[in-house]
Amino acid sequence: MENSFILAVYVDNTVGVLTRVTAMFTRRGFNIDALTVGETERSEYSRITISMAGDKYVREQMINQLKKLEVVKKVEVLDDAPIKRELMLIKVKNEAANRADIMTAVDVYRASVIDYSTEGMCIEVTGNPSKIDAFVKLMQPFGILEMCRTGIVALDRGTTTLLNK
Amino acid sequence: MILNGAQILVETLIEQGVTDVFGYPGGQVINIYDALYEYKDKINHVLTAHEQGASHAADGYSRATGKVGVCIATSGPGATNLVTGIATAMLDSIPLVAITGNVPNSLIGKDSFQEIDITGVTMPITKHNFFVKKIEDLAPTLRQAFSIAKSGRPGPVLVDIPKDVQVGKCEFTAQGVVEKKPLPKVKEERIDEAVKLINEASRPYIYVGGGAAGLGMGKEIVAFAEKIDAAIGCSFMGLSAVPQESERFLGMQGMHGHYASSMSQNEADLILAIGVRFSDRATGNVSKFAKKSKIVQLDPDSAEINKNVHVDLGLVGDIYDSFKRISEKCVEKSNPAWLDRVRELKQEELAFEAEIAAADGAPLTPKQVFDIINEEKLPASVITTDVGQHQMWTAQYVQFDKARRWVSSGGLGTMGFGLGAAMGAYVATKDPTILITGDGSFGMNLNELATAVTYKMPIVIVLMNNGVLGMVRQWQTLFFGKRYSNTVLERKTDFVKLAQAFGAEGYLAETPIEFRKAFQKAVKANGPVVIDVRIDKDEFVLPMLPPGGAIDDIITKVK
């Protein structure tokens, strides 16, 4: 059965690591939905967050193949309900007739306007990917000029950490 | 002491116990070759005719001994010429360290003369690779390369060293040989689960693969098979891992495996798989593979569990340790009905083999060639092959008398592997070395004859010459309506004269008597000998499971 899941991967913080990881996905035919990478609490490691869908076979192969890469230090599937966040910058048309509706949406979604002109505005939204999806849908009628999403970052709830899991 | 990078490289190789390396000089490794000149009393460099030959030689060296093989090439084309050899080692889990030179750091990324991103090129075909940016990193990186190559599931590692790092100077202190990282031991309750499954079985089959080939556990496997009254079979890579004189040993299974071995595996109710990866060539259609059987798999690589075939129990860790603990805990069993069935299958196999032999009217048949090789080869001979029909006949017919005597490209199926690999195996063991090849494969890298002559390597080259690309032709006969597209060679090469031109000896053999005489002379020669063995172009490798087919589709005769 296909299920969405999130993998958190600790990797060496060195040149070419992301290439090694993504090249393995291509080679083994894994399709991923999103991937983010960034620094961690330990400078020698980076953390890659991968969201993807697949059955048990895909999930196990993905984990085992990742573990075989020398640059990978730890791989874990996050719990069913981890804390997930994504950030989006979205540029929309600022037409006078729509301005009030856009500002209401910004308010309700606890987003913020970070650039403003009489022609357009740029809005920053943070939250669960589903919240971001909903905000995009809401903005569509007003005219989306450009948008950019970071992909998911995620942590398990509680005091568990990847390295002590 | 303060040394330059090239000296540090050679010192580190010596420190890691390397006594022989294979390679070819060039612009960006001149400094390394200068250091090799300086250290020539401590490290033997074999100059091959082509970098590909050096990579296969390092591979053959490793297969025959278990040591890490080392090859050296210059940047650009030198490095890319190693690629097929590295990929060959990767697919068969052979520990190699490939050293390449590169342009200096200041010229990297500028499309400089003979610059290639070889770490990028080899990323998918190495276990890991390194680009050494600073001389301070050189010795630690090389030590790590050896550790990675031989630990866990072994594999090739490439270390790319730019010219300025070879020239730069740095403090060096020799250290000890890096040890393999110990593999985890399987938990006792998992061992008990395996024991329970084996104790419950009445038709057990022990399936031995390349992962067991180097562990020297052949006699223990036979003793365990006797204890639980099991049959033994092996994968292509598992040949020479188990002593063949045991009547329980049924030989290789799979696409061109022995009939009795494949059939018994299909009828077994328990398969104990030791260091195998269930390649498509071994299983055929996985959805129909060994359906009546529970499978217990021992492997160092967790990614091999459930990758190709779903197993009932996968024990990841030290294969030998798991096997020993399982074999001690299992109860003695007697399975007379199973052994009778296995013998019956063996009789069927002998019967159709005899039928094929009787129908073959050729003056010299492959079976006759291998009977003579088995009778006349010297003890402890290393058997190397290229790829194709001759390789499968070798796998089926040759009798091995020692572990690590089987040197053949399994996973990648590299035509042109054999001569380089034979040179490496000979340098490593100094034991009698036989290359069985075909006219197609031999044509790919026969330039290495020059190397074998120069270094007086007494390699017996049995060239099974049928004038066609036999294995592809066999598929064309069976599955493509005899449309022999580009498999009829029609070359005019005189292999006897060719051998002589290289400074080797060459004999022609068209009958069993001629072949026996030629082979007897060849095993006593002081340098390489090519025996041009003429066989018919329509000999078949049988039995055959068609690609993607199941055991019921087995082909045992061709009309």
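Predicted model: local features only at pLDDT ≥ 70, side-chain atom pairs only at ≥ 80, totals over all residues.
Q: Which residues of helix 21 of chain B are buried?

A: In helix 21 of chain B, which spans residues 470-479, the buried residues are Gly470(B), Met471(B), Arg473(B) and Gln474(B).

Q: What follows the helix?

A: Helix 21 of chain B is followed by Gly481(B), which has a positive phi, near 55°.

Q: Switching to the cores, how many residues does the largest nonpolar one have?

A: The largest nonpolar core has 171 residues, and those with the most contacts inside it include Leu9(B), Cys71(B) and Ile531(B). Helix 18 of chain B, residues 418-429, gives the most to this core, with eight residues.

Q: What is Cys71(B) in contact with?

A: Leaving aside neighbours within four places in sequence, Cys71(B) is in contact with several residues, among them Val21(B), Phe22(B), Ala54(B), Leu82(B) and Leu96(B).

Q: Which residues are in the second core?

A: The second core, which is separate and has 17 residues, includes Leu7(A), Ile48(A), Ile50(A) and Ile152(A).

Q: Last topic: how many residues does each chain bring to the contact?

A: The contact takes 11 residues from chain A and eight residues from chain B. The side of chain B that touches chain A has four nonpolar, three polar and one charged residues.

Definitions and conventions: Residues numbered from 1 in each chain as written. Chains lettered and ligands numbered in written order. Buried ≥ 20, exposed ≤ 12 C-beta atoms within 10 Å, placed from the backbone. Helix = DSSP H or I, 4+ residues; strand = E, 2+ residues; numbered from the N terminus. Core = buried A, V, L, I, M, F, W, Y, C linked by C-beta atoms within 7 Å. Contact = placed C-beta atoms within 7 Å. Nonpolar A, V, L, I, M, F, W, Y, C, P; charged D, E, K, R; others polar.
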